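Colleague: I am new to this structure and would like to understand how its descriptions are reached. Could we go through them with care?

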Amino acid sequence: MRKQIPIYFVLVSGIVMIIQYFVPSEESEWLFTYANDWVIVIGIYALPLGIYSLVKAEFKKLKNPGEAFYAGVLLFGYFIMVFTGLTRASREAASLHMVLFNNILIPIQATIFSLLAFYIASAAYRAFRARTILATILLLTAFIIMIRLIPLGPLSELNQWLVTKILTIPNMAAKRAITMGVGLGVIATCIKIILGIERTYLGHD
Amino acid sequence: MTTVELLWQTLAVLLTLCVFSFLIKDNPFYKFAERLVAGVAAGFWTMLVYHNLFRDKVLLTMQNGQWAYIIPILLGIGMWTRFSKKYSWISRFSIAFYIGISTGISVTVYMYTAIFKQISATIIPLNSITNILIIVGVLCALFYFFFSKAHTGAFGVVSRIGIYTLMIGFGAGFGLTVMGRIALLAQRVIFIRGYVLALIGAG
Amino acid sequence: MTFWEKLMNLDRRWIYLCIFIVVIIPAIISFKVPVSTTPEVKKVFNFIDEMQPGDHFYLGIDYDPSALAELDPMTYAILNQAFSKDLKVIIGCLSQFGVGMAELRLSEVAAIYGKESGIDYCFLGYRPYPAIVILTMGVDFRVTFPLDYYGVPLDSLEVMNGIRNLMDVKGVVDITAGNVADMWITYGNGRFGFPLAIGVTGVMSADYYQYLQSGQIFGLIPGIKGAAEYEILSGFETTGLQSIPYQTLAHAVILLFIIISNVGYFAARRKKGR
Amino acid sequence: MRRRLTALLLLVAFAFAAVSAQEAMPDTTGPPLPAPPTNVRVSDKPDDTGHGVIVGWDLSADDGAGLDNVLAYEVYRSDAADGEYVKRGIAVKGATEYEDKDDSPMKNGEPNPGFIETGKTYFYKVRAMAAGSTYSEYSEPGSGQAVENWFHVGKVPILFGVIIFWAIVVYFIFHARKGKEFYVRPLAGINAVDDAIGRATEMGRPILFVLGTGTAGDIATIAGFTILSRVAKLTAEYQTPVLVPVNDPVMFAVSQETVRTAYLEAGRPDSYDPDNITYETAMQFPYVAAVNGIMLRRKTATNFYMGVFHAESLILAETGNIAGSIQISGTDQISQLPFFIAATDYTLIGEELYAASAYLSKEPILVGTLKAQDWGKAVLMVILVLGVVLISLAIPIIKDMVTVNL
C-alpha cells in the first residue's frame, strides 16, 4: 500500500492538472493558483533537509585534521550570514548582511562566471579542428558568427548578411526541430510518469 | 571612498584573485574562496527563504486563516521523515504530489508551446528560398531524431542533412556566446582597475 | 614530438594568458569601435518610447550578479528611459540572488528622477519557482506577492491601483540570463498572450530569434552588443559601449587560435601521412 | 497578443483625440453630429471565469461612410435599462466589439463598482464620438449576462493533441506488453555508458552524476532522475560509488530515494551510502565551484551531466576535461548544447535525453514509448507538409487548425 498510494497521488494530481487546463471556471483557476503555491510551500519545507545535510557533513569534517580548516570556513560563512540576516532591517543595503553579500558573494560569483571567457577560448582551440564534416560545420559557423565583431570594412556587410541568414534559417530550423522533439519527449515522459510506468524516482522499500 | 569601504573592496579584490588562481591549478586559495562562498550562499539563501517565503507563505497564510495551506504544510513536514529510516516512506507522498502537479501542468503547456506554436510558426508559404530552406531544415532535423529507424539509405541522407542543420545551429550558439563571456571578464578587469585607481588616489 | 604536435597539445594556460593580456589592454589604453543598431533592439526602445506618462509596464530583472556585465546596461537604460518619461514600472525578480542587486540599481535610478516606491514604481521582490510565479502573476500579483519587497501590502500602493495582473499592464520587458526567458514565453505569453520583449545574454540570443519570427516576443536585446545599441538609442550610457573594444580584441585572439589550431592539425596530419 | 496591441494603439489614438478635443472648445453650432451606432447586443465572453461580456454593435452610419466623422465609440454600462450608465471604455472607429471584463469584487478594500457579477444582467449603451468632444445620441440599450464557462473552447486543438498523442503512447505500451519488440537505432552516448562505468571500476575511482541547476519539477530533471536510477543500478553491480551533488532540496530528497532504490533492486542495499548524495548550496556558481572541487579532489573517472543546465555547462565540462574524466552529457537547454558538444565526449541532444532512460532500461514497455514518440514526429511532419502545401495554395485551413488563440 505504501508503494501504491504515492503512484495514485501522481496519477490523480497529474490528471487533475491536465483537466484544469481546459476548464476556465473560477474553481479551476483557484485550484491552479493554489496547486502551484502548494508546490512552493513543499519546497520551502524541504530546505531544512538540504541545510541539515550540508551542515552535518561539514561538522563531520571538522574532526578530520586535513579538512577541518575548510569546513570551518564554510560553517563560518554560513552562520555569519544567518546571524547578520536575522532581522528585517538586514535587507537594506547598508546592513552587514548586505555588505557581506556585496563583497563576498557578488565578486566570487562574478569571477567564477568570468572563468568562462578563458574556457570558451580553450574549448574553441581544442574542439574546432576540421577532423570530421560535423566538426568542420561547427567550426565554420562559429567562425563566421565570431568574426562579426571585427571591423572588416566592406566585408563586414557581407558578414552581417551571412550572420543574419545563418541565424534566421538553419539556426531557426534547428531550434524548432529540437523544441518539437523535446516537446514530444517531455509529454511522453509525463505520460509515463502519470501512468506510473516510469517510477524510478519515487523509490520503494 | 572611506577606509572601511576600501577594506571591504580589498577583500572583494583578494577573493577575485583567489578564484582566478584556479586557472593555473587547483590550490588552497581557490579552495578557501570556494568553501567560503558555499557557506555564505547557503546562509544568504536560508535567510532569504525565511524572510520572503516562510513569513508570507506559512505564517501569514495561517494568520489569515487560509486553511487550504494545511495540505502543503503537512506534505512539506512529511519531507522531514527522510531523516528516519522507519518513516521515510511518508516523504514519498510529498514527492509524488510535487511531481504529479509538475508533470500534469507540463503536458498541456508543452503541447501548446513546443508543438502547436512551433508547427503554426513553421507553416509558411513556399514563396521564398528562405522559407523553403527553413521547412526543409526543420523536416530533416526532425528525421534525425527518429529512434526506430536506422540511419541508412535515403533515410540516412535526410537525417545527415538534419544533423548538419543542427550543427550549424550549435556553431551559431557557440559563436554568439563568446561575446557575453568576454564581457564578464572585462567587467572583472574594470572592477580591479577601479580598485587600483582608488588605492592610488587614497594612498 | 614535432613543433606541430606540440602546438596541438599546447598547454591551455598559454591560451588563458593571451586572453588575459588582450582584456587588460583596453583597460589601460581606451579606443572606440563603431556599432550599428538592429531592428529587434529598436522595437523594444520604441515600445517604451511610445508609451504615455502614467502607463504601466512590467520589468523583470531576472538575472543574478553573474550576468551583471551584459544585462545591467540594459536595465539601467530602460529604467532611465521609463522614469524620464514618467512611466509607472512594476519590477519583479525571479532570480534568487538578483534581488539585492536589482534593489540597489532601482533605488539609484529612481533617486535621479525623484521617483518614489509605491507611487511611481512597485518593487515586488523575489519568489522562487519562476514558472509558477509567472502563472500566478497572470492571475493576480497579490497571490504571490501580498506584500512588496519592503513589506508594504500591494493593496495600499498607489501605483498598483487598478493593476491586478499582467494583463493590466501595457507589456512585459524581461531581462534575464537563464531559462526564465523560456518561462516568460511559455507560461507568460503562452498562457496569457501579453506583449513580451526580452533582453538576454549573448549566449542565449541565438535561441530567441525563432520566437521573434513566430511573434511570441516583439523585441530582443541580445547581449552586450544589444546593450550598446540600446545605449545609443536611449542616450543613457553605462558600460555597454565601453566594452565593445574588449570584445573586438578578444574575438580576434580566439579566431587566431582557431586558425592556428587548424593549421597545426593539417600540418601534423600531413607529416604523419608522409 | 494582437488584441493587446490593438488596445494599445487604440489608447494612443484616444489620447491624441482627447488632447485635440480639449484644445477645441465644444461648439454647439459646430459641425453636424454623427449618427448613433445601432443594434447593441451583449454576449458572454467565452472561455473565462464568468466575469466578462462582449458588447457588439453595428457601425454608425457616419463611420467610414456618410459624414465619415466618427473617431471612436464609447461604451456605457448600467444595472438597469433606465438606470445610471457609467462609461466602461472606448473602441476605435471601425470597431464593432468591446470586451468588458473585471473579476475583482473588491478594490482597495472597497466594493469595486466595475466588477461584473456572474449571472447578473447588465445593460449597455454605445455612442459615437466625433472631433471636438461631440457625441452622437446614445444607442438603444442591449443586455446580457456573464456566464462561468466550464470548457475552454479555444483550447480544443490542444485537447485533441493531448488525446491523440496519449492514445499513441498507450497503444505502443499495450503492444509492448503483448511481447512485441521494437527496433531502436544505437545512440553513441548510450553505448558509452557501460564502458564509462567499467573504466571507473578499473581505475577504482568514483562516478559523478550532476543533475544540473533546474528544480525537481522540471521534466528534464525528472528524466535525469530516471537515468540516474539506471546508472546507479549498474554502479551498484560494479561496486563503484556514484557521487550526486545537488542544489535543490527537493532534488536532494528525490536523488537519495532514487539511488537507494537502485541499490536495493541491484541486490546490494548495504553498499548504499547516503553521504554520497550531497546538498551543496542553492546558488548556481557556488554550486559549480563545489562540483569542480569534487571533480578535481575526488578524481572522478566518469562524469554524467543530465538535466537542466545553464552557463555552468562549460565550466563543468572544461574542469572535467582538465581532470581527464570521460564525460557524457545530455540536456534540453538549446543554448547549452553547443558547449556540451564541444567539450564533452558524448552528448544526448534534446529529445535523446528523454529517450535515454528507455534505452538504458531496455524494458520493452519503455522502448515502446520511443516508437510512440516517432509516430508523434511523423504526425507532426505530415501536418507540417500538408499545411505548407495548402498555405502555398492560399488555403490556410491547417494553419488555422494549429493556430491556438488563448
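Colleague: How many cavities of 30 Å³ or more does a search of the whole structure find?

Modeller: This is a predicted model, in which local features need pLDDT of at least 70, side-chain atom pairs count only at pLDDT 80 or more, and totals for chains, interfaces and linings use all residues. Residues are numbered from 1 along each chain as its sequence is written, chains are lettered from A and ligands numbered from 1 in the order in which they are written, and side-chain values use heavy atoms, with hydrogens and water left out. The search finds six such cavities.

Colleague: What makes a space a cavity?

Modeller: On a 1 Å grid over the protein atoms alone, a cavity is a set of points where a 1.4 Å probe fits but cannot get out. Its volume is the space filled by probe spheres set on the points, which are joined across faces, edges and corners; for the second largest cavity this is about 60 Å³.

Colleague: Which residues line the second largest cavity?

Modeller: Lining residues have an atom within 4 Å of a point, and among them are A:Arg88, B:Asp56 and C:Tyr126. The lining divides into four nonpolar, three polar and five charged residues, where Ala, Val, Leu, Ile, Met, Phe, Trp, Tyr, Cys and Pro count as nonpolar, Asp, Glu, Lys and Arg as charged, and the others, Gly among them, as polar.

Colleague: How is chain D divided into domains?

Modeller: The bounds come from an automatic or database domain assignment, which gives domain 1 (38-145), domain 2 (153-169 + 368-402) and domain 3 (181-362) of chain D. The C-alpha centres of domain 1 and domain 3 of chain D lie 59 Å apart.

Technical notes:
On a 1 Å grid over the protein atoms alone, a cavity is a set of points where a 1.4 Å probe fits but cannot get out, and a pocket is an open set with protein on both sides within 12 Å along at least five of seven lines; lining residues have an atom within 4 Å of a point.
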